[in-house]
Amino acid sequence: MPIIVNLDVMMAKRKISAGELSERVGITPANLSVLKNNKAKAVRFSTLEAICRELHCQPGDILEFSEKEGISYD
(Lines give C-alpha, C1' and ligand atoms only; values in the text may rest on other atoms or scores of the structure.)
Protein backbone atom coordinates (compact mmCIF):
# COMPACT_ATOMS: atom_id res chain seq x y z
CA MET A 1 0.00 0.00 0.00
CA PRO A 2 1.46 3.37 -0.93
CA ILE A 3 0.28 5.08 2.31
CA ILE A 4 2.74 4.69 5.17
CA VAL A 5 1.68 5.37 8.76
CA ASN A 6 4.42 6.96 10.85
CA LEU A 7 2.40 7.04 14.05
CA ASP A 8 5.07 5.21 16.05
CA VAL A 9 7.61 7.91 15.12
CA MET A 10 5.35 10.72 16.36
CA MET A 11 4.50 8.78 19.52
CA ALA A 12 8.21 8.34 20.26
CA LYS A 13 8.88 12.05 19.63
CA ARG A 14 6.07 12.99 22.02
CA LYS A 15 7.03 10.28 24.52
CA ILE A 16 3.53 8.83 24.75
CA SER A 17 2.65 5.15 25.04
CA ALA A 18 0.10 3.36 22.88
CA GLY A 19 -2.09 2.75 25.92
CA GLU A 20 -2.10 6.39 26.90
CA LEU A 21 -2.77 7.61 23.36
CA SER A 22 -5.59 5.13 22.80
CA GLU A 23 -7.23 6.25 26.05
CA ARG A 24 -6.89 9.95 25.19
CA VAL A 25 -8.17 9.46 21.64
CA GLY A 26 -11.00 7.13 22.61
CA ILE A 27 -10.13 4.08 20.52
CA THR A 28 -9.19 0.60 21.64
CA PRO A 29 -5.52 -0.32 22.01
CA ALA A 30 -6.11 -3.03 19.39
CA ASN A 31 -7.41 -0.50 16.83
CA LEU A 32 -4.52 1.86 17.56
CA SER A 33 -2.13 -1.06 17.04
CA VAL A 34 -3.72 -1.85 13.65
CA LEU A 35 -3.23 1.77 12.60
CA LYS A 36 0.26 2.04 14.07
CA ASN A 37 1.44 -1.13 12.34
CA ASN A 38 0.20 0.02 8.91
CA LYS A 39 -2.50 -2.68 8.77
CA ALA A 40 -5.52 -0.34 8.61
CA LYS A 41 -7.54 -0.09 5.41
CA ALA A 42 -8.98 3.29 6.44
CA VAL A 43 -8.95 5.87 9.21
CA ARG A 44 -11.81 8.16 10.20
CA PHE A 45 -11.11 11.86 10.01
CA SER A 46 -12.44 12.19 13.56
CA THR A 47 -9.84 9.66 14.75
CA LEU A 48 -7.07 11.34 12.77
CA GLU A 49 -8.12 14.71 14.20
CA ALA A 50 -8.06 13.37 17.76
CA ILE A 51 -4.61 11.81 17.24
CA CYS A 52 -3.24 15.04 15.80
CA ARG A 53 -4.73 17.01 18.67
CA GLU A 54 -3.13 14.75 21.28
CA LEU A 55 0.25 14.57 19.52
CA HIS A 56 0.24 18.28 18.56
CA CYS A 57 1.01 17.47 14.94
CA GLN A 58 -0.39 17.64 11.42
CA PRO A 59 -1.87 14.69 9.47
CA GLY A 60 1.17 14.82 7.18
CA ASP A 61 3.39 14.10 10.18
CA ILE A 62 1.60 10.76 10.56
CA LEU A 63 0.65 9.77 7.00
CA GLU A 64 3.05 9.57 4.07
CA PHE A 65 2.50 8.68 0.42
CA SER A 66 5.23 6.59 -1.18
CA GLU A 67 5.18 5.63 -4.85
CA LYS A 68 6.69 2.27 -5.59
CA GLU A 69 8.78 1.74 -8.70
CA GLY A 70 7.04 0.16 -11.62
CA ILE A 71 3.53 0.93 -10.44
CA SER A 72 1.44 3.34 -12.50
CA TYR A 73 -1.63 4.97 -10.97
CA ASP A 74 -2.88 6.44 -14.28
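Predicted model: local features only at pLDDT ≥ 70, side-chain atom pairs only at ≥ 80, totals over all residues.
**Charges.** I find 10 positive and 10 negative side chains in the chain. The centres of the two sets lie 6 Å apart.

**Overall layout.** I then went through the secondary structure. The chain comes to five helices and two strands. Reading from the N terminus, I note the order β-α-α-α-α-α-β. I looked up the extent of the C-alpha trace along its principal axes, and the spans are about 40 × 20 × 20 Å.

**Surface and contacts.** The chain has 74 residues, and 27% of them count as buried.

**The core.** Which residues touch the most other members of the largest nonpolar core? I find Leu7, Leu21, Ile51, Leu55 and Ile62, out of 17 residues in that core. At least two core residues come from each of helix H1 (7-14), helix H2 (18-25), helix H3 (29-36) and helix H4 (45-55). H4 gives the largest share, five residues.

**Ile62.** I picked Ile62 from that list and looked up its contacts, leaving aside neighbours within four places in sequence. Ile62 is in contact with Ile4, Val5, Asn6, Leu7 and Met10, among others. Further on in the sequence, its partners include Leu48, Ile51, Cys52, Leu55 and Cys57. Of these partners, Leu7, Ile51 and Leu55 are also among the core residues that touch the most other members.

**Thr47.** Is Thr47 buried or exposed? I count Thr47 as buried, because its relative accessible area is 15% and the cut-off for buried is under 20%. Thr47 is found in helix H4. Not counting residues up to four places away in sequence, Thr47 touches Val25 and Ile27.

Asn38 sits in the loop between H3 and H4. Its relative accessibility is 33%, so Asn38 counts as partly exposed. I place His56 in the loop between H4 and helix H5 (59-62). His56 counts as exposed, because its relative accessibility is 64% and exposed means over 50%.

Technical notes:
Residues numbered from 1 in each chain as written. Heavy atoms only, no water. Core = buried A, V, L, I, M, F, W, Y, C linked by side-chain atoms within 4.5 Å. Buried < 20%, exposed > 50% of the residue type's maximum accessible area, 1.4 Å probe, protein only. Helix = DSSP H or I, 4+ residues; strand = E, 2+ residues; numbered from the N terminus. Contact = heavy atoms within 4.5 Å. Lys, Arg positive; Asp, Glu negative; His and termini not counted. Charge placed at Lys NZ, Arg CZ, Asp CG, Glu CD.
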